[in-house]
Amino acid sequence: MVSKITILRAVVAGLTYLLALLTKVVGSQKGGPHQQKSAEEESEKEANERFGLSWRVAVEANNVCPWRTVPPRCYQHLQNYMCSGQYERDLNLVVENILIYASQIPLSSDGMDAWILDVDDTCISNVSYYKNKRFGCDPFDSTIFKAWIMKGTCPANPAVKLLFNSLKERGFKLFLLTGRDQATLSTITSNNLHSQGFAGYQRLILRSAEYKGQSAVKYKSAIRKEIEREGYRIWGNVGDQWSDLQGECLGKRTFKLPNPMYFIS
């Protein structure tokens, strides 16, 4: 009798184990596709992050040109870059090196030592606008962008504001050179700059009718040439676009600020 009970217990234990094992196997099969999908999604996310980083580096090195919009798979990377503080850290590092260079320049007593600064996404920022445009993944719309400019609320880039004030205090003459339209945007641009602390510059230069239709490189080259003809020595030229830093009469040194959101030729 005892032997039969022992055997029965063993059988029950065996069946219980097999049932538990079967339940585990069935459960893992049900969760398998979901887990596999999650792994695939994670892998795609990592691949997009790596691609976004490579694409941003290539853009800043001017190895991707011309381009109209940011590839959609770069969106998450650019969002992280622009909003996590890394963009500001990159700006700060560039400005730190500009200030080191500027501190070593022997100024002349004639007051003709000059610097060129771009305006949009150099002195003042359009990051808030581009945040709503998926940081350049959406196509550029000139009408909507002009409406943004007309608000006159572009905030200063703190690092560039520091640079502006430091150069001014040292005695450099500062020329703010922008591709904005002179006829329609002169007053709002001047007011926006002034409200953000950019005052005391030598001249704010916007694109006049004479230069309408010209590339940014050709237009800005012509303006810099005029400045040099007036007798100014351009020691430095700062901008977020390569077209700010190409062409003629560039100055003794150029400094590229980061901007992976759009490209101006």
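Me: Buried means under 20% relative accessible area, exposed over 50%, and partly exposed in between, with a 1.4 Å probe and protein chains only. Are Y129 and Y130 buried or exposed?

Reply: This is a predicted model, in which local features need pLDDT of at least 70, side-chain atom pairs count only at pLDDT 80 or more, and totals for chains, interfaces and linings use all residues. Residues are numbered from 1 along each chain as its sequence is written, and side-chain values use heavy atoms, with hydrogens and water left out. Under the definition above, both Y129 and Y130 are buried.

Me: How many aromatic pairs does the count come to?

Reply: Rings of Phe, Tyr and Trp (its six-membered ring) pair if their centres lie within 6.5 Å; planes under 30 degrees apart are stacked, over 60 edge-to-face, and the rest tilted. By this rule the count comes to 17.

Me: What sort of aromatic pair do Y129 and Y130 form?

Reply: The ring centres of Y129 and Y130 are 5.1 Å apart. Their planes stand at 85°, and the pair is therefore over the 60 degree limit. The pair of Y129 and Y130 is edge-to-face.

Me: How many residues apart are F175 and Y232, which also form an aromatic pair?

Reply: F175 and Y232 are edge-to-face too, at 5.0 Å centre to centre and 80° between the planes. Both F175 and Y232 are buried.

Me: Which residues of α8 are buried?

Reply: Helix α8 covers residues 216-229 and reaches 20 Å from its first C-alpha to its last. Cover for its buried residues includes β1, β2, β3 and β4. The buried residues of α8 are A216, Y219, K220, S221, I223, R224 and I227.

Me: Which residues touch the most other members of the largest nonpolar core?

Reply: In soluble globular proteins, nonpolar side chains tend to be buried together. A nonpolar core is a set of buried Ala, Val, Leu, Ile, Met, Phe, Trp, Tyr and Cys residues joined through side-chain atoms within 4.5 Å. Of the 51 residues in the largest one, those touching the most other members are W115, F172, L176, L193 and V238.

Me: Which helix gives this core its largest share?

Reply: Of the 51 residues in the largest core, the largest share is 7 residues, from a helix spanning residues 86-103. That helix is α3.

Me: Which residues is P71 in contact with, leaving aside its neighbours within four places in sequence?

Reply: P71 lies in the loop between α1 and α2. F51 is 20 residues away in sequence and 9.8 Å away in space, C-alpha to C-alpha. With contact taken as heavy atoms within 4.5 Å, P71 touches F51, W55 and C137.

Me: How far is the charged end of R73 from the centre of the ring of F51?

Reply: A charge sits over a ring if NZ of Lys or CZ of Arg is within 6 Å of the ring centre and within 35 degrees of the ring normal. R134 sits in this way over Y75, 5.9 Å from the ring centre. For R73 over F51, the distance is 4.2 Å.

Technical notes. Helices (H or I, at least four residues) and strands (E, at least two) are DSSP runs, numbered from the N terminus. The expected span of a helix is 1.5 Å times one less than its number of residues.
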